[in-house]
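Thanks for asking me to look through this one with you.

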Amino acid sequence: MSGRFIRHIQSGLMLPTKLCATFASRKHAVGNVWGIRRVLNTARPELCAAMLAVTSVGCGNSTPWNDPYPASQTGANILYSAFQEQPKHLDPARSYNVNEALFIAQVYEPPLQYHYLKRPYRLVPLTATKVPEPRYLDAEFRELPAGAPTGDIAYSVYDIHIRPGIRYQPHPAFARDAEGNYRYHVLSRADLEDVHELGDFRHTGARLLTAADFVYQIKRLAHPDLNSPIVGLMSEYILGLDEYAQQLRSISDELKRKQGASAFLDLRHYPLEGAQVVNRTTYRITIKGKYPQFRYWLAMPFFAPVPWEADRFYSQRGMAERNLTLDWYPVGTGPFMLTQNNPNLRMVLTRNPNFHGERYPDAGTPADGRAGLLADAGRPLPFVDKVIFSLEKESIPYWSKFLQGYYDASGVSSDSFDQAIQFSGQGSPEVTPTMRRKGLELETAVTTSIYYMGFNMLDEVVGGQNERARKLRRAISIALDYEEYISIFANGRGLPAQGPIPPGIFGHRGGRAGINRYVYDWVDGQPRRKPITEARRLMAQAGYPNGRDVDTGEPLVLYFDTAAAGPDSKSRLDWFRKQFAKLGIQLVVRATDYNRFQDKMLKGTEQLFEWGWVADYPDPENFLFLLYGPNAKVSENGENAANYANPEFDRLFRRMKNMDNNAERRRLTARMVDIAQRDAPWIWGFHPELFVLHHAWYHNLKPNTMANNTVKYIRIDPKLRAERRRTWNQPVIWPLVVVAVLVLVSLVPAIVVYRRRERAAAL
Amino acid sequence: MIAYIIRRTLYAVPILIGVNLITFFLFFVVNSPDDMARMHLGIKRVTPAAVEQWKHAHGYDQPLLWNEAAGGTAKLTETIFYAKSVRLFMFDFGRSDEGRDIGHDIRQRMWPSLAIAIPTLLIGLLMNITFAMLIAFFRGTAFDLAAVVLCVMMMSVSTLFYIIGGQFLVGKILDLVPISGYLSGIEAWKFLILPVTVGIVSGIGMGTRWYRTIFLEELGKDYIRTARAKGLSERLVLFRHALRNALIPILTGIVAVLPLLFMGSLLLESFFGIPGLGSYTIDAINSQDFAIVRAMVFLGSALYIIGLLLTDISYTLVDPRVRLQ
């Protein structure tokens with residue numbers, strides 16, 4: 001019997017008083033309470049609970065009956081949230097997913113972070129003392145002036161100074177005995193016999209953060225067992241990382257041959273040229289060439305510090321069998337630490353007692369003060385003691401529980417949109433009167449992402465740089481009414497895109513200057529989609545009058561590849577067909593599974609496709625590289641899914657990508673967007689808009705689509721929440737009484753008939 | 001009987017190999033190792049080198065079924081099929097492609113599934129038999145007709161409707177129990193009331209109809225007529241004679257599904273947020289985690305075989321005329 005099993009049974013016997021009372025009062029109804037007690041002693045508590053479920057009713061305590069949380073949490077300073085998809089990786093070298101960032105961004109602290117309130121998005125120090133400015137070196141490692149031409153720069157050197165006094169969270173990997181030796185670094189199978197989760201280790205320890213921990217993590221990106229998703233990209237930039245990855249691969253193979261699969265590869269013994277410790281609080285990263293966007297990467301968990309002790313601790317034989325890995329139990333310096341990790345049920349973040357302290361920002365945009373977002377300026381973070389994330393796979397129960405007050409904030413699904421949101425006469429969204437009476441508030445923000453429909457530029461019909469194909473693409477761009485699309489399929493939550501760069505990113509142009517003049521006109525101070533007659537005129541010029549090929553007379557048939565199969569997508573795909581039919585084009589939808597769709601994209605056999613991109617960092621390069629020729633999907637396996645290649649665009653991209661944000665860069669970006677709008681390799685689609693609803697007790701919410709470590713800024717009023725929950729969730733018992741009476745009444749005629757039959761003569 | 005059990009157990013081996021082979025074949029027809037790698041590595045910035053590295057690290061860089069480059073038995077053993085399947089027969093499920101211990105996951109997730117499945121089965125059975133006997137007692141009357149019509153109506157309603165309706169009425173309108181969620185240990189009870197109730201109510205229509213048919217068949221037999229002829233009350237006829245004999249098909253049917261109970265219910269667990277095994281396989285298929293898929297299919301097959309064996313044995317226990325040879 002496992003240790004965990006024993007503890008569960010013990011906790012099961014220590015029933016809450018009221019539950020025991022209920023249980024005992026049902027003794028006669030159950031018939032044999034001692035029999036059940038015996039079962040309680042031998043069976044799993046879940047099974048016992050199942051029995052109680054059928055023999056007991058609500059306990060009638062002060063918390064609402066439908067409260068999904070333990071009574072002990074009533075009034076506690078806990079933030080309640082949910083997640084829909086189980087996280088796969090919590091290792092900062094592996095995780096590259098928003099769902100996972102929700103957890104690890106609260107635990108790990110990279111050198112930089114985004115300012116919570118200021119817009120456009122701005123980097124500020126987190127564990128670093130300041131945002132590092134690179135030094136530039138030539139090929140002989142001689143220092144160059146700051147304004148040196150990009151072509152002369154062979155290396156960029158970032159010296160990053162970390163703040164002193166930062167400590168890691170308590171963790172058994174740091175625990176030492178009286179002699180100063182690590183308690184849990186050499187464990188036998190017997191030592192691990194009663195260990196099933198991290199909390200089973202009695203001792204924990206902590207230590208100061210050092211610059212070596214940052215370097216260690218950069219080396220981990222190249223670890224062959226970790227398969228870091230950015231090792232390929234970073235190998236292009238960090239000096240020597242590619243060779244380092246190859247070196248580690250052969251060392252690791254050799255080590256495994258000698259010591260087995262769980263051998264610990266101690267990266268401290270293998271230096272990496274591009275990441276070096278300068279002193280205890282300073283480390284140096286050397287980048288090949290000039291790459292100003294590297295600073296943004298320093299705000300991601302990939303570059304957060306990881307202590308070598310954690311790797312050493314988790315690498316021991318028997319740990320992985322118990323799911324005790326760094327991929328499962330992070331070790332960080334952040335405001336929270338992961339204390340419960342059950343991705344099938346609940347993830348719990350608890351305040352890190354060793355947190356170094358950070359204060360709520362005292363500056364933001366002018367509107368922030370008016371919105372009360374600066375009321376907590378200068379106060380220490382985090383505000384909540386604990387964050388409980390519950391798995392909610394379905395939107396309906398999630399929404400219902402949010403309205404009952406059991407979740408503090410929520411997005412708005414299509415199912416509940418009309419119930420929650422209405423548009424004012426000016427077209428701005430607001431909560432409905434019913435929701436306003438409950439005290440709900442709405443926050444919105446346009447995301448730094450884009451969803452678009454792309455043309456495969458390698459295709460003979462829709463692709464290429466010839467004028468015929470270009471006019472065809474422009475005609476289709478006009479015909480696809482994305483304003484209607486947003487209204488129907490996104491409940492109005494989106495902004496029609498004029499180009500690849502979303503609002504909030506350097507290089508985005510608003511107003512008249514920013515419209516796509518090939519698709520829109522500027523009318524009454526607003527962009528207005530060109531009429532369909534203009535699209536038909538372009539079709540005729542392209543040689544497809546009324547959608548028929550002028551040479552063959554055959555109708556134009558286009559193929560749209562999508563991974564959106566299934567009945568849920570039918571209406572959307574029908575809408576696409578209708579849009580193309582406006583031009584006489586027959587659209588054939590080739591819906592398939594995601595694997596086949598990926599294959600088609602890699603081989604370039606698709607004609608039209610839909611795709612999206614969420615910004616890694618707020619820089620135009622992160623969007624314009626999606627149209628950069630040498631980044632094509634088919635030839636280079638890159639992210640240019642349309643396989644668009646325009647020499648002028650590519651030339652400008654190479655100039656623009658390494659520039660600092662200045663007027664010249666803005667001019668180049670605008671020119672590139674103009675070229676892309678003219679060539680129309682994408683139908684630009686839209687930038688989704690984020691709608692977040694929150695209760696009156698939830699404070700300091702400002703949607704920040706770049707930062708993930710925002711939980712620390714949230715403050716709640718637990719007293720108000722408890723009051724509202726009680727008010728909103730009074731149990732209604734009378735229907736149960738009515739049903740019981742009806743059942744009893746209905747039994748009367750049955751009994752009468754039964755007795756009559758029993759007394760009746762056989763013949 | 002022991003010889004029979006041993007023989008049936010031995011029959012299970014080729015069946016399990018066949019099931020494993022079919023699972024393997026079907027999975028890799030839909031998903032190539034490259035697809036799996038891309039799925040696990042994410043959708044951004046996945047390089048061919050990263051794909052190759054993932055396949056190497058997870059043992060998916062070998063041929064599927066036959067290794068032409070190897071020599072001797074290695075042609076068979078140095079393949080994905082052999083490497084991923086042979087340990088299953090020792091019930092060593094290994095690790096998922098994400099690195100989690102599958103056996104641990106199953107052991108952890110089976111208890112919440114059982115906590116729903118066992119009371120749903122037992123109480124549902126009790127209620128269905130009670131209703132069926134009541135209807136059989138009033139056979140040929142308007143009550144019988146009305147009850148059958150009601151059962152057909154209940155059978156026709158989707159389980160999803162019962163779930164959403166139950167959550168809306170009981171959890172949201174009446175505020176009696178949590179709409180969804182789960183607490184481990186003894187506090188799980190209040191989260192189980194609604195899913196268990198929904199599970200029972202959604203099965204009443206079909207269960208009652210089925211058991212009514214069994215009872216009516218028994219009530220038409222000669223021994224019932226004899227019992228009535230000797231003056232027994234209808235209550236005794238029903239409970240002492242009809243019920244006992246009707247239990248044979250009921251029990252044998254139930255024994256077959258008993259081992260499968262812990263596999264959980266996809267819909268109930270998904271909507272009620274119960275961390276059981278119901279969605280484990282579906283989630284694994286969606287995330288292209290072959291390790292979990294093959295483990296769960298293997299386990300399901302093994303349990304089904306055990307269920308059928310138990311059914312055969314239960315025949316001999318409840319019907320003395322049956323002998324296993």
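The points below go from confidence to the sheets, then to the cores, a helix pair and the contact between the chains.

1. Confidence first. Please keep in mind that this is a predicted model. The predictor gives the complex an ipTM of 0.84, alongside a pTM of 0.86. For chain B the average pLDDT is 87, and 99% of the residues score at least 70.

2. The four-stranded sheet. In chain A, four strands make an open sheet with mixed pairing, and their order is 1-13-10-9. Strand 1 (78-83) and strand 9 (336-342) of chain A are the edge strands, each pairing on one side only. On average, neighbouring strands of this sheet are turned by 20° against each other, direction ignored.

3. Inside that sheet. Five bridges link strand 10 (residues 346-351) of chain A to strand 13 (residues 386-391) of chain A, and the two pair in the antiparallel sense. Helix 6 (residues 98-107) of chain A lies across strand 1, strand 9 and strand 10 of chain A, and runs at about 140° to strand 9 of chain A.

4. The five-stranded sheet. Chain A also has an open sheet of five strands in the order 5-4-6-8-7, with antiparallel pairing. Strand 5 (143-144) and strand 7 (275-279) of chain A each have a single partner strand, so one side of each lacks a neighbour in the sheet. Strand 4 (residues 135-137) and strand 6 (residues 155-161) of chain A run antiparallel and are joined by three bridges; here A:Leu137 stands opposite A:Tyr155 in strand 6 of chain A. Helix 7 (residues 211-220) of chain A lies across strand 7 and strand 8 (282-288) of chain A, at about 175° to strand 7 of chain A.

5. The nonpolar cores. Which residues touch the most other members of the largest nonpolar core? They are A:Tyr452 and A:Ala475, out of 222 residues in that core. Leaving aside residues up to four places away in sequence, the contacts of A:Ala475 are A:Ala535, A:Leu538, A:Met539, A:Ala542 and A:Leu583. A second, separate core has 18 residues, including B:Ala132, B:Leu238, B:Ala242 and B:Ile250.

6. A helix pair in chain B. Helix 2 (residues 33-41) and helix 3 (residues 48-58) of chain B pack at an angle of about 105°, their axes 9 Å apart. Helix 2 and helix 3 of chain B are therefore roughly perpendicular to each other. Among the residues making this contact are B:Pro33, B:Ala37 and B:Leu41 of helix 2 of chain B and B:Val51 and B:Trp54 of helix 3 of chain B.

7. A closer look at B:Pro33. Is B:Pro33 buried or exposed? B:Pro33 counts as buried because it has 21 C-beta neighbours inside 10 Å, and the cut-off for buried is 20 or more. Not counting residues up to four places away in sequence, B:Pro33 touches B:Lys55 and B:Tyr60. The C-alpha atoms of B:Pro33 and B:His58 are separated by 9.8 Å, with the two residues 25 apart along the chain.

8. Where the chains meet. In total, 59 residues of chain A are in contact with 58 residues of chain B. Elements of chain A that each supply at least two residues to this side include helix 1 (3-13), strand 13 and helix 27 (734-759). Helix 5 of chain A gives the largest share of that side, nine residues.

Definitions and conventions:
Residues numbered from 1 in each chain as written. Chains lettered and ligands numbered in written order. Predicted model: local features only at pLDDT ≥ 70, side-chain atom pairs only at ≥ 80, totals over all residues. Pairing = 2+ DSSP bridges. Axes fitted to C-alpha atoms, helices over the stretch in contact; angles between N-to-C directions. Contact = placed C-beta atoms within 7 Å. pLDDT = per-residue confidence, 0-100. Core = buried A, V, L, I, M, F, W, Y, C linked by C-beta atoms within 7 Å. Buried ≥ 20, exposed ≤ 12 C-beta atoms within 10 Å, placed from the backbone. Parallel < 35°, antiparallel > 145°, perpendicular 65-115°, else oblique.
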